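I opened the model to look up a few local features. These are my entries, in the order in which I made them.

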Amino acid sequence: MVRLMRRDRASRSAMVAAPLLALGAAVLVSLILFAALGKPAGVALHALLIRPFASWYSFSEVLLKAAPLMLIAQGLAIGFRANVFNIGAEGQFVMGAVAASALPVLGGDPSGPWVMPLMLGAGMAGGLAWAGLAAFARDRFGASEILVTLMQSLIAVQVLNYLLLGPWKDPRGFNFPVSVMFPDAALLPILLPGTRTNVLLVFALLASVLAWVLMRHRLTGFQLLVGGLAPGAARYAGIAPRRAVWLSLGLGGLAAGLAGAGEVMGPLGQLQRSVAAGYGYAAIVVAYVGGLNPLGIVVAAVAISAVYIGGDAATVSAGLPVPAVEVFQGLLLAFYLVAFVLVRYRIARMPGPATRAATPRRGGRPRTFDGPVPSAADGGP
Amino acid sequence: MPAPLLSLHGVTKRYGPVLANDAVDLDVAAGSIHAVLGENGAGKSTLMKLIAGVERPDAGRIEWDGAPVAPSSPAQAQRMGVGIVFQHFALFETLSVVQNVALVIPGRQADLARRIRDTGDRFGLPVNPDAMVHRLSVGERQRVEIIRCLMLDPRLLILDEPTSVLPPQAIPPLFDTLRGMRDRGMALLFISHKLGEIRDLCDTATILRGGRVVDRVDPRDRTPTELAQAMIGRDMPPRVRAVPRMPGTVRLSLEGVTWDNPDPFGTSLSDVSLGVRSGEVVGIAGISGNGQAEMAAILSGEVTLDRADAVTLMGRPAGRTGAADRRRAGLAFVPEDRLGRGAVPDMSLSDNTLLTAHGHGLTWRGFLRHARERAMTSAIIANNDVRTPSAATEAGALSGGNLQKFVMGREIALAPDVLVVAQPTWGVDVAAAAAIRARLIALRDAGCAVLVISEEIEELFEICDRMHVLHHGRLSPSLTTADVTPTDVGRHMIGAA
């Protein structure tokens with residue numbers, strides 16, 4: 001029987017080498033795959049890996065996509081560390097976009113300096129309210145926030161469809177399911193001249209700093225961590241679990257809502273069905289690839305965004321089919337996760353399955369990573 | 001002397017930097033009861049695991065019946081004839097006795113039930129094969145474990161601290177059973193740190209200290225003091241006796257607490273009342289599982305009650321007050337499970353200080369003051385002889401005893417008005433246990449109200465002014481320590497009073 005044993009300490013060089021090794025392995029497998037497809041493997045890999053960084057413009061596109069990923073992931077990571085699993089950032093993102101769009105859609109042609117803050121605020125409120133429903137369900141009825149937020153995402157997309165196919169459809173939009181184009185006052189300022197990268201990137205970096213301060217330097221963040229790592233210790237110290245639920249879902253919803261507002265106020269410039277492009281789900285990956293660590297998430301957001309931009313480029317320049325690009329992205333992620341586990345755990349060969357009576361495994365020294373073992377009750381509560 | 005059944009030569013086992021067993025030689029003869037004596041962390045458990053095939057030695061050899069063996073799994077050791085009775089039982093509470101046995105021993109349940117009765121009769125271990133395990137007392141559960149081992153016909157039976165869970169009255173019958181096994185030619189390895197029992201029962205003792213064999217003696221020829229000296233390598237620390245003094249006002253009380261445990265295998269409390277005054281130590285004796293955990297959780301605020309005046313803390317009703325607010329009102333609490341409750345295993349000791357001490361100047365407007373956190377942690381480490389590389393070490397990396405010292409030290413450092421401690425010296429070596437008891441008494445002398453929940457009767461007799469016994473969720477009347485004997489307390493422990 002082979003088992004994973006937790007290393008006493010993860011080495012720093014291994015932590016740096018892990019992503020590089022994962023990249024190397026993914027490239028190797030993809031080379032074979034692309035060759036088998038009869039596509040120019042060299043061109044494809046160049047598009048996938050080099051192109052996102054090859055020009056200032058394509059890098060600015062990476063940053064444009066990285067901003068919402070970073071913002072959402074920072075919010076989610078707080079909850080994940082507190083054992084509150086908000087899987088429905090996609091829904092909160094969409095509701096943020098919807099709420100932010102209300103003003104330009106319903107308010108005629110608003111102008112003035114108050115338009116933008118109002119819309120951003122509305123976006124945050126939309127995400128917060130949507131996540132708040134899940135927090136209420138968990139707090140009041142003990143409903144799993146994983147299921148509730150996930151199902152809410154599906155509802156949010158239907159709400160979006162309903163609005164765009166009905167009341168919010170642009171009357172002069174040739175019956176396309178899109179809202180009116182937003183006025184200039186409703187668009188986020190461009191951060192890097194000549195590109196589409198807007199100030200949402202600044203908000204995302206700011207959120208990263210705030211997340212770092214919260215988790216490293218605030219008692220509240222510490223208590224969230226305790227709740228996630230050792231619920232028994234949290235109860236012992238009198239840390240209320242419902243506070244973690246509200247705070248985690250609230251911050252997650254707030255960040256996702258702001259990102260949703262940024263999407264319609266930035267690259268889209270109107271409310272469209274394509275706003276639900278999966279940022280909320282990709283951000284979960286970003287949060288975990290970043291090790292749920294604020295700095296790691298900044299790096300991961302840029303890296304994963306580059307993978308997406310590179311994938312788009314590869315379909316065009318190397319004629320790769322979209323599924324092949326997705327396979328490459330999946331390989332990269334899978335190899336990364338394997339490498340990441342091996343940084344923290346080592347593979348050990350164990351003697352054959354032991355008779356339970358002679359070896360009751362009780363929370364012993366080596367932290368094993370295999371499935372749950374039927375634990376014999378120890379007598380007494 | 002006949003050739004030994006089990007023989008260890010220069011057996012060495014290393015865990016990272018820790019040498020758990022260092023060139024241990026051990027001979028166990030058939031028809032004898034052999035004690036392995038040592039403090040916590042002396043290497044007793046490791047040695048047992050090597051014999052049982054749970055771990056493999058790094059060096060040295062093991063001989064069985066004169067032939068070299070290398071048991072690589074517990075199943076193999078079992079086939080060889082080694083049986084082990086663990087300190088904490090490996091029984092499923094939701095199954096019956098015979099079903100638990102059937103998990104290990106093949107056969108039809110009716111046959112097994114008959115064999116369980118036969119084995120029980122032969123060795124003086126009466127047990128009902130059809131009883132559900134969760135209904136059994138601790139002593140009965142131990143009997144099930146022993147019978148299950150005996151049904152495999154072991155030639156060597158290892159018993160790990162078998163008396164630690166038993167009330168005093170249950171110990172002599174167990175010893176009679178063990179002597180009966182010896183007379184039938186079995187070899188017994190009796191692992192303990194209780195000197196009296198070893199002198200009573202064993203004919204040979206191997207004393208371990210720091211992973212090495214320091215002495216081999218006939219325990220019947222030595223005084224307890226000599227054995228203790230050999231075990232800890234120096235004189236026993238002097239006992240601090242509590243000097244009687246006038247207690248002050250009641251700081252913590254329970255008034256007629258009746259609590260239905262939602263856990264079907266937990267214990268419910270019925271009509272529990274007690275009061276702890278400033279300047280006294282009150283003990284709660286009894287075997288774990290009789291409501292101790294429930295009572296501790298109700299006192300700490302981890303479980304709140306519907307009735308506010310069921311719990312009074314510092315003169316105010318606190319039954320509906322949560323754990324954090326009770327701490328603010330001056331309560332400190334050391335739970336019996338240190339890892340995962342008293343401390344977060346994956347966090348540093350500094351962060352674990354913060355866990356309960358954040359109200360003591362470690363924050364400013366919600367911001368953490370990391371420097372103060374580290375300073376307070378270093379002080380706790382130094383004052384309580386916590387052996388750790390640094391304050392940044394994760395709590396999970398500390399040994400149980402060291403973590404216990406840390407959690408105790410942290411709660412004492414909060415200068416509480418009321419301190420509730422469950423099992424204050426579990427897993428702690430003799431010297432550290434004495435130090436902890438001395439600190440509890442110092443706290444009491446400074447006016448703190450101290451409640452100690454402990455399975456160790458000797459400990460309660462040493463430090464308590466008064467004690468109650470908790471049995472099946474009911475609390476005995478208050479017993480003044482000076483007026484009662486351990487046997488009196490033992491009667492309450494088995495509900496015979």
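**Entry 1: a buried valine**

I looked up B:V98 and found it in helix α3 (residues 97–102) of chain B. Helices here are DSSP runs of H or I with at least four residues, strands are runs of E with at least two, and both are numbered from the N terminus. The model is predicted: local features need pLDDT of at least 70, side-chain atom pairs count only at pLDDT 80 or more, and totals for chains, interfaces and linings use all residues. Residues are numbered from 1 along each chain as its sequence is written, chains are lettered from A and ligands numbered from 1 in the order in which they are written, and side-chain values use heavy atoms, with hydrogens and water left out.

Is B:V98 buried or exposed? B:V98 counts as buried because its relative accessibility is 4%. The cut-offs are under 20% relative accessible area for buried and over 50% for exposed, with partly exposed in between (1.4 Å probe, protein chains only).

I then listed its contacts, meaning heavy atoms within 4.5 Å. Leaving aside neighbours within four places in sequence, B:V98 touches B:Q109, B:L112, B:A113, B:I116, B:P129 and B:D130. I also checked B:N352: it lies 254 residues from B:V98 in sequence and 44 Å away in space, C-alpha to C-alpha.

**Entry 2: the six-stranded sheet of chain B**

I traced an open sheet with mixed pairing, in the strand order β6-β7-β8-β3-β9-β10 (chain B). Two strands pair if DSSP finds at least two bridges between them. β6 (82–85) and β10 (212–217) of chain B are the edge strands, each pairing on one side only. Direction ignored, neighbouring strands of this sheet are turned by 20 degrees against each other on average.

Two helices of chain B pack on this sheet. Helix α6 (residues 171–183) of chain B touches β3 (32–37), β7 (156–160) and β8 (187–192) of chain B, and its direction makes about 145 degrees with that of β8(B). Helix α8 (residues 224–232) of chain B touches β3, β9 and β10 of chain B, at about 35 degrees to the direction of β9(B). Axes are lines fitted to C-alpha atoms, for helices over the stretch in contact, and angles run from 0 to 180 degrees between N-to-C directions.

**Entry 3: two helices of chain A**

How do two helices of chain A meet? The axes of helix α2 (residues 41–54) of chain A and helix α3 (residues 56–81) of chain A come within 5 Å and cross at roughly 100 degrees. α2(A) and α3(A) are therefore roughly perpendicular to each other. Angles of 65 to 115 degrees count as roughly perpendicular, under 35 as roughly parallel, over 145 as roughly antiparallel and the rest as oblique. From α2(A), A:R51, A:P52, A:F53 and A:A54 meet A:W56, A:S58, A:F59 and A:V62 of α3(A).
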